[in-house]
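User: I'm new to this one and would like to learn how to read its helices. Could you walk me through them step by step?

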Amino acid sequence: MKQFASLILNLENTSSTTKKISFLKSYFENASHEDQLWTIALFSHKRPKRQINTKLLRKWACELSNIPEWLFEESYSIVGDLAESIALILPEALSTEQHSLSYWVSYLQTLQDLEEADKKVKVENAWSLLTKQERFVFNKLVTGGFRVGVSKNLMTKALAQSLEMEATQVAHLIMGDWTPDSTTFEELLQAQDATKNISKPYPFYLAYPLEGEVATLGNPEEWCAEWKWDGIRTQIIKRQGEAFIWSRGEELITEKFPELEALLDRLPNGTAIDGELLPFKNIPLPFSLLQTRIGRKTVTKKQLEQSPVVIYAYDLIELDGADLRHQAFSDRREKLKTLIDNIQSEQLFLSASIKFDFWTDLIKLREDSRAQYAEGLMLKRKNAPYKIGRKRGDWWKWKVDPFTIDAIMVYAKKGHGRRADLYSDFTFAVWEGKELITFAKAYSGLTDKELSEITKFVKANIKEKFGPVRTVEPSQVFEIHFEGISESKRHKAGIAVRFPRIHRWRKDKKPEDANTLSDLKSLLNALGNVDSSSST
């Protein structure tokens, strides 16, 4: 645990990619295989299930520290991180014991079936044996909120360097439906045919945003264009008579979409299709309808009727058990078209290729994306292989310009990590008559200098406190960008926006210059928002 806690501290205290890879590589070269396996899992979002309510952790920490809960909550609002707040207030350990990361994860797993009193004894015992930094990591694990500023891709590069393997090979080997309880380090990273685990997906190839002029891509004849759909990026895999649907986040979602069973039955063995899972009734429906099904253990008959799904296929990456990723995109697409024609399923469509002769043709089409129920265009070089991760050069996403609205900041909350002392999470509202109606939360888009400035404003203009959230004087206007908008019965504004972010601080505007709820609804009406009334 000392090694892992030291790794986390080092990673938190640097923004250098090179240093992060160096710290990770050194850790992988020195940690036990059991600890390496759990580290891979944690950085791949395979976290242990939370066993204890955070209210109980707060309570137990206050009792051990002999401080009132109101004082802890005030401290927490300043620190901004629950695990760190608990680690800071606990009394120093009288003695420590050196146990591994895997030991402490197993220790937490034994809490599952214990009564509350027994859980308390176990947690307090752990706290008494750990240093402050180790407690911080332990608390992160026990709350299920383990996050650190390192991507899975970065971890994979460091692991590959320590093993002297290709990063692409390691990326594929650590994909799939595994946990540290179901495999060993040696079994996971054995350089074997990935299809030995018949459910194993391939690492997704991710497009890079196109921000310059499209003409800089060169000869249009070398490129293929498709609509960029707004759904769940998916791989459908069938091997040895078993079918699996994977999300890009490596979540196995087969059982969440039972209506696709007929399609899965028709797929031939040894097939892996990359595509987009979309809510669909003759035309693609708003993503908000799909959100009603995400995260639910069971799907109701009403949800199946309101938001049935299909797959828009982009690419074919395995056929007859053979890996096709090295082949040219145009060749893979021809094989995909043949496969879809042979299957003849109303639940599997080939994402249409857009015919164009000149880049100017695409510029006009892109502006019409929302009328096609799309987010923009995808541009793919015809001779490109299927790569791993986000790479420049061969795949580009060229999204339509975002929606824009001027809104007023009404709530503020401190961030986490290096932003723990800055207000960086904000809630925004628009006018409805003389009342402000909240419609979006955003935390990205401001510079560090602007965050420091807005933090000073918040501290000087607090009206009310609700735990770590502060109500502030509604005087600051911000330009908010977002990708989509739909009706929603879950929000007071009656609408929901997709991917809101702060574009700029409009110091030139007064609160009365901010947009209204009618303006938001006008954006909704302009879209026609297909079947948006069924969004919940």
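Analyst: Happy to. Let's begin where helix 4 stops: the helix is followed by N66, whose phi is positive, near 60°. Keep in mind that this is a predicted model.

User: And what caps the N-terminal end of helix 4?

Analyst: That's N53, with a side-chain oxygen 2.7 Å from the backbone nitrogen of K55.

User: Which residues of helix 4 are buried?

Analyst: Start with the general idea: an α-helix has 3.6 residues a turn, so residues three or four places apart point the same way. Now the case here: T54, L57, R58, W60, A61, C62 and S65 are buried. These buried residues pack against helix 5 (69-79), helix 6 (82-89), helix 8 (116-129) and helix 9 (132-143).

User: Next, packing. How do I describe two helices that pack together?

Analyst: Two packed helices are described by the angle between their axes and the distance between the axes. Take helix 2 (residues 17-30) and helix 3: the angle is about 145°, and the axes are 9 Å apart. Helix 2 passes helix 3 in a left-handed crossing. On the helix 2 side, L24, Y27 and F28 make the contact, and on the helix 3 side it's D35, Q36, T39, I40 and F43. Sorted by class, that contact has five nonpolar, two polar and one charged residues.

User: What about helix 1 and helix 3: at what angle do their axes cross?

Analyst: Roughly 35°, with the axes of helix 1 (residues 2-12) and helix 3 (residues 33-43) coming within 12 Å. This crossing is right-handed. F4, I8 and L11 of helix 1 meet T39, L42 and F43 of helix 3. Here the residues divide into five nonpolar, one polar and no charged.

User: T39 keeps coming up. Is T39 buried or exposed, and why?

Analyst: T39, which is found in helix 3, counts as buried because its relative accessibility is 0%, and the cut-off for buried is under 20%.

User: Which residues does T39 touch, not counting residues up to four places away in sequence?

Analyst: Those are F4, Y27, F28 and L101.

Terms used: Residues numbered from 1 in each chain as written. Predicted model: local features only at pLDDT ≥ 70, side-chain atom pairs only at ≥ 80, totals over all residues. Heavy atoms only, no water. Axes fitted to C-alpha atoms, helices over the stretch in contact; angles between N-to-C directions. Helix = DSSP H or I, 4+ residues; strand = E, 2+ residues; numbered from the N terminus. Left-handed = near helix turned anticlockwise from the far one by under 90°. Contact = heavy atoms within 4.5 Å. Nonpolar A, V, L, I, M, F, W, Y, C, P; charged D, E, K, R; others polar. Buried < 20%, exposed > 50% of the residue type's maximum accessible area, 1.4 Å probe, protein only. Polar contact = N/O pair within 3.5 Å; in protein donor to acceptor, adjacent residues only side chain to side chain.
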